[in-house]
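User: I would like to go through some of the labels attached to this model and ask what each of them rests on. Please set the values against the cut-offs as we go.

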Amino acid sequence: MPEQSGKVQTVLGLIEPDQLGRTMTHEHLTMTFECSHVPTAPGDKDLATAPIEMKHLHWLQQNPYSHHENLLLNQEIEAVKEELLCYRKAGGGSMVENTTTGITRNLPVLQQLAKETGVHIIAGAGYYVDVTHSDETRKMTVEKLTDIIVSEVLHGADGTDIRCGVIGEIGTGWPITDSEKKVLRATAHAQTQLGCPVIIHPGRNEAAPGEVIRILQEAGGDISKTVMSHLDRTIFDKQELLEFAKMGSYLEYDLFGTEMLNYPFNLNVDMPADSQRVQALAFLIKEGYEDRILIAHDIHTKHRLTKYGGHGYCHILQNIVPKMLSRGITQNQVDKILIENPKQWLTFK
Ligand SMILES: CC(=O)NCCS(=O)(=O)O
């Protein structure tokens, strides 16, 4: 039985699950997102290269992926540290940092942030979406990928001895590519060896989450210890959502704070507003899924930091929790979503 059994693994070592407190299960504290750059409309070229300033904030909120600098969250360590200190003051305890290979994971920075702020940080093992896979990654067998993921959890990643405490976010697109399928199978095999939590980034299609779960299931993965991220931009039909929920994964609404008219990665999608996200949570609770819900902001660009006029990492604790309570979600249910469910998910078997 690995030493992680019954514990949560942070970048500073193992902790007791009860130490976690309120936990955001899908955040990024340092990463790059250049892989998802969206070409700028011809008339907007100047805005796309202008410094990030208040007068451009609305344009940036509507076009976050067309501004190169905005995709470099890794340049904001001081601002992120300030926000983490506020997060602690607001009653936050822990964060899962979902940056995996392909979007510039930086474990020493995560360790430094954890030491300086007292927030428990859990780092992610594995690989982001296909477009970020190196030639070397593409050539690897499932067995080799499994060994690497297991080693990132048991021994440390990126040449450090800093150990990851979850596998993911494992990136998949739509349709799921062969290289992504290999990584999914390796994820399931590694999870079988380790008894650890897994978190998935699905493609932007209603069928994508179910297809990922089927691949993991066939490879022996533990779906009850797996989180499906980004449901807020992926499954809209209530019946489809309930069908998916029956498959048994955690159901994550992790784009709180993101409100935009045109979602550039899939123009057929109407990105919901936060009030609609709260309605989705209330619906899932009414349908009996309060033990399976997780929430977060998935901050991955600069403009969402308070330094740039964004909502920051405290938005859920300060604004969304009161809204949940005002919409009939009880304090006990809020605590399940923010404390108990993350604890159950993050504890190694
Ligand atoms: C970092 C990351 O993958 N964020 C998800 C953005 S998306 O628009 O929900 O795909």
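**Labels and what they rest on**

Analyst: By class, the lining of the largest pocket has 8 nonpolar, 2 polar and 4 charged residues. Please keep in mind throughout that this is a predicted model.

User: Which residues lie nearest the centre of that largest pocket, and how many line it?

Analyst: The lining of the largest pocket is made up of 14 residues, and those nearest its centre are Ile-235, Phe-236, Tyr-253, Gln-276 and Ala-280. Two or more residues each are given to this lining by α9 (238-245) and α10 (274-286), and α10 provides the largest share, with 5 residues. The space in the pocket comes to about 280 Å³.

User: What makes a space a cavity rather than a pocket, and how many cavities of 30 Å³ or more does the search find?

Analyst: A cavity is a set of points where a 1.4 Å probe fits but cannot get out, whereas a pocket is an open set. Searching the whole structure gives 1 cavity of 30 Å³ or more, and the volume of the largest cavity is about 160 Å³. Its lining has 19 residues, with Tyr-65, His-230, Leu-255, Asp-298 and His-300 closest to the centre. Divided by class, the residues lining this cavity are 9 nonpolar, 6 polar and 4 charged.

User: Why is Gln-9 called buried?

Analyst: Buried means under 20% relative accessible area, and Gln-9 has a relative accessible area of 0%, so the label applies. Gln-9 is found in strand β1 (residues 8-10).

User: How do you know that the side chain of Gln-9 makes a polar contact with the side chain of Gln-4?

Analyst: A polar contact needs a pair of N or O atoms within 3.5 Å, and the distance between the side chains of Gln-9 and Gln-4 is given as 2.9 Å. The side chain of Gln-9 also reaches the backbone oxygen of Cys-164, at 2.8 Å. Beyond its neighbours within four places in sequence, Gln-9 is in contact with residues including Leu-14, Ile-122, Val-153 and Phe-348.

User: Why does Asn-341 count as buried, and where is Asn-341 found?

Analyst: Asn-341 has a relative accessibility of 3%, and therefore counts as buried, the cut-off being under 20%. Asn-341 is found in helix α12 (residues 331-346), and a polar atom of its side chain lies 2.9 Å from the backbone oxygen of Glu-290. Leaving aside neighbours within four places in sequence, the residues in contact with Asn-341 include Tyr-250, Asp-291, Arg-292 and Lys-336.

User: Why is Gly-203 called buried, and which residues does Gly-203 touch?

Analyst: The relative accessibility of Gly-203 is 3%, so Gly-203 counts as buried. Gly-203 is found in the loop between β7 (198-201) and α8 (208-218). Not counting residues up to four places away in sequence, Gly-203 touches Thr-172, Gly-173, Trp-174, Ala-208, Arg-233 and Thr-234.

User: What makes a residue count as near the ligand, and which are the closest?

Analyst: A residue is near a molecule if one of its heavy atoms lies within 4 Å of it. Surrounding the ligand are 13 residues, of which the closest are Tyr-128, Arg-204, Arg-233, Tyr-263 and Asp-298. An N or O atom in the side chain of Arg-233 is 3.0 Å from an oxygen atom of the ligand, while a polar side-chain atom of His-201 lies 3.2 Å from a ligand oxygen. For Glu-169, the distance from a side-chain N or O atom to an oxygen atom of the ligand is 3.5 Å.

Conventions: Residues numbered from 1 in each chain as written. Predicted model: local features only at pLDDT ≥ 70, side-chain atom pairs only at ≥ 80, totals over all residues. Heavy atoms only, no water. 1 Å grid on protein atoms, 1.4 Å probe; cavity = no way out; pocket = protein on both sides within 12 Å on 5 of 7 lines; lining within 4 Å. Points joined across faces, edges and corners; volume = space filled by probe spheres on them. Helix = DSSP H or I, 4+ residues; strand = E, 2+ residues; numbered from the N terminus. Nonpolar A, V, L, I, M, F, W, Y, C, P; charged D, E, K, R; others polar. Buried < 20%, exposed > 50% of the residue type's maximum accessible area, 1.4 Å probe, protein only. Contact = heavy atoms within 4.5 Å. Polar contact = N/O pair within 3.5 Å; in protein donor to acceptor, adjacent residues only side chain to side chain.
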